[in-house]
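Subject: Structure for your files

Hello,

Here is the structure I said I would pass on.

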Amino acid sequence: MHFAGLDTLPPWAMIALIVLGFALTMLLLRYALLAYLRRAGGSGTRSFSATLAESLRLPLTLLALAVSLFLLDQLLVLFGHAPARLHLGLGVTAKIVLLAALIVFADNLAFRLIKHYAARSDVLRTSHAILAGVARVVVLGLGLLIVLGSLGISLTPIIASLGITSRAVALALQPTLENFFSGVQLVIDKPIRVGDFVELESGEQGFVEKIGWRSTWIKMLPNNIVIMPNGTLSKSRIINYYYPVPELSVPVDVGVHYNSDLEHVERVTLEVAREILRTHKWGVPEYNTFVVFHTFDSSSINFTVMLRTREYFNRFFIKSEFIKALHRRYAEEGIVIPYPIRAINTTQERADPPAGG
């Protein structure tokens, strides 16, 4: 096929037009492929097709650049405008860009797949930050070795030097490595999970937001964050209010007058407790609540009522509703909750001293 005017163009202009046209064609194909993958994934942003499309955005651009460089090199050779140094440089650059595209794709895909499946798996939801970090280090490390090997650089001296310097690096990064492996231990042993409500040994309470490769983030009830190094967290005592299940017993202490009929008190108290557990949105209706009398106090007989709530944070609300309902019911039944009373034994205070004292 003959195009008028092209024969008059200098070779470098023809090479530029061909390479530019090829690059634009590759970019249009890239756009079409990404659009197809997004449509195949539907409206959901968490589909595998959408994940694959996001992972391919930059690698496809790098692939277009690498192929364009290969084409440029071959056209320069064909038209006799490729000095040896330029030919070598273009070939090496294209190879590096192509390997970079593969490495970036592997890194993006691994990172996004871990994030994609984290919402479906308790293990991944807890450990996706650590697994993503490990995957990134492995992919980038292997990719660097592959690039060096493709450039003809011997890997044996590099591996040997890494072995010699690893001890010094380990000593220098000891706190970081300790936190990293402590994070791995937290993920494997699972004393805490993302979403659990925990209490630290230092007294802070909150929901576990993230278990990272260096630290664990805990969101406290006032809406601030406590960031604990994994090394410190793995050695401390932790109360996990969501393990083995989020349901939690809520003890409520009550005192009644000494003249009260304790059988009647127990029956009324249990009726109120069962009604609260049945009607309150955070109560556990199937829980078999009970009353335990335990103390003859100075002005009252004390007992404990045991309620059950769906999770630790809700205990405040169900306890409040129970106290209001119990106070109202006691008033209807004539059951007295006494004020503190202190008796003074005047006879003992006025006792005469022993004779002859």
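Which Phe and Tyr residues form one aromatic cluster? The members are Phe 197, Phe 207, Tyr 241, Tyr 242 and Tyr 312. Please keep in mind that this is a predicted model.

Outside the four places either side in sequence, Gln 205 touches Phe 197, Tyr 241 and Tyr 312, among others. The list of contacts also includes Val 198, Glu 199, Lys 219, Met 220 and Leu 221. Two of the contacts are polar and run between side chains: one to Glu 199 at 3.0 Å, and one to Tyr 312 at 2.9 Å. Gln 205 itself belongs to strand S2, which covers residues 205-211.

On aromatic pairs, the structure has ten. In the pair Phe 313 and Phe 316, the ring centres are 6.4 Å apart and the planes meet at 80°, so this pair counts as edge-to-face; the cut-off for that class is over 60 degrees. Phe 313 is partly exposed, at a relative accessible area of 28%.

Two lysines are placed over tryptophan rings. Lys 210 has its charged end over the ring of Trp 217, 4.2 Å from the centre. Lys 281 lies over the face of Trp 282, and here the distance to the ring centre is 4.4 Å.

Regards

Technical notes
Residues numbered from 1 in each chain as written. Predicted model: local features only at pLDDT ≥ 70, side-chain atom pairs only at ≥ 80, totals over all residues. Heavy atoms only, no water. Phe/Tyr/Trp six-rings, centres within 6.5 Å; stacked < 30°, edge-to-face > 60°. Buried < 20%, exposed > 50% of the residue type's maximum accessible area, 1.4 Å probe, protein only. Lys NZ or Arg CZ within 6 Å of the ring centre and 35° of its normal. Helix = DSSP H or I, 4+ residues; strand = E, 2+ residues; numbered from the N terminus. Polar contact = N/O pair within 3.5 Å; in protein donor to acceptor, adjacent residues only side chain to side chain. Contact = heavy atoms within 4.5 Å.
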